[in-house]
Amino acid sequence: MKNLTLGTIAKVVSGTYHGPERLLDREIEGACLDSRLVRREWLFFATPGEKTDGHNFLGQVYEKGALCTITQRDVEKADLPEGITLSDVAYIRVSDSFCAGNRFPLSSISRADCFHGIFTALHPVSSTICPSHAWR
């Protein structure tokens, strides 16, 4: 996704970046709220929900090759699968990970990039994208 580097994303969502400095200039390839849909180089929004908490799936998304996660808490060693260490992963800590997805200006993402086979809602008032599950 053009110009959506981890450094830029951290600023846009008013989050704190944690992870290898060398990844700050890397661009994400897509993003989602559903851990089952994560692909290599994607950004995962770990959001608490009615039935489950996305934070419970951090290990799985890193194992799938997620470039970074947006979390409401610090990522801990216990969150990671064997073979992946805290120094290997990047995450951006925010106060509300679902709202963080709402902060991307629509102009930064082409219309073709907004849809990845799953419903995506556009916020009609603020012209921001509100990912219901995934956008890419």
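**Figure 1. Ser14 in the loop between helix H1 (6-12) and strand E1 (16-18) of the predicted model.** Helices (H or I, at least four residues) and strands (E, at least two) are DSSP runs, numbered from the N terminus. Ser14 is not a glycine, yet has a positive phi of about 55 degrees. Most residues other than glycine have a negative phi. With a relative accessible area of 60%, Ser14 is exposed; buried means under 20% relative accessible area, exposed over 50%, and partly exposed in between (1.4 Å probe, protein chains only). Residues are numbered from 1 along each chain as its sequence is written. In this predicted model, local features need pLDDT of at least 70, side-chain atom pairs count only at pLDDT 80 or more, and totals for chains, interfaces and linings use all residues, while side-chain values use heavy atoms, with hydrogens and water left out.

**Figure 2. Ser35 and Glu41 in the loop between strand E2 (30-32) and strand E3 (42-45).** Ser35 counts as buried because its relative accessibility is 8%. Leaving aside neighbours within four places in sequence, Ser35 is in contact (heavy atoms within 4.5 Å) with Phe44, Phe57, Gln60, Val61 and Lys64. Glu41, also not a glycine, has a positive phi of about 75 degrees.

**Figure 3. Val75 and Leu86 in the loop between strand E4 (68-71) and strand E5 (91-93).** Val75 is buried, at 6% relative accessibility, whereas Leu86 is partly exposed, with a relative accessible area of 39%. These two residues are 11 residues apart along the chain, and their C-alpha atoms are separated by 7.7 Å. Val75 and Tyr91 are 16 residues apart, with 7.4 Å between their C-alpha atoms. Not counting residues up to four places away in sequence, Val75 touches Leu58, Tyr62, Thr69, Leu80, Leu86 and Tyr91. Under the corresponding exclusion, the contacts of Leu86 are Val75, Glu76, Lys77 and Leu80.

**Figure 4. The second largest pocket and its lining.** On a 1 Å grid over the protein atoms alone, a pocket is an open set of points with protein on both sides within 12 Å along at least five of seven lines, for a 1.4 Å probe; lining residues have an atom within 4 Å of a point. The pocket holds about 220 Å³ of space, the volume being the space filled by probe spheres set on the points, which are joined across faces, edges and corners. Its lining has 13 residues, of which Leu23, Gly65, Ala66, Leu67 and Asp88 lie nearest the centre. By class, the lining has seven nonpolar residues, one polar and five charged. Ala, Val, Leu, Ile, Met, Phe, Trp, Tyr, Cys and Pro count as nonpolar, Asp, Glu, Lys and Arg as charged, and the others, Gly among them, as polar.

**Figure 5. The whole protein, with three helices and eight strands.** Along the sequence, the elements follow the pattern α-β-β-β-α-β-β-α-β-β-β. Of the 136 residues, 49% count as buried. Among contacts with a separation of 6 or more, 52% join residues 24 or more positions apart.
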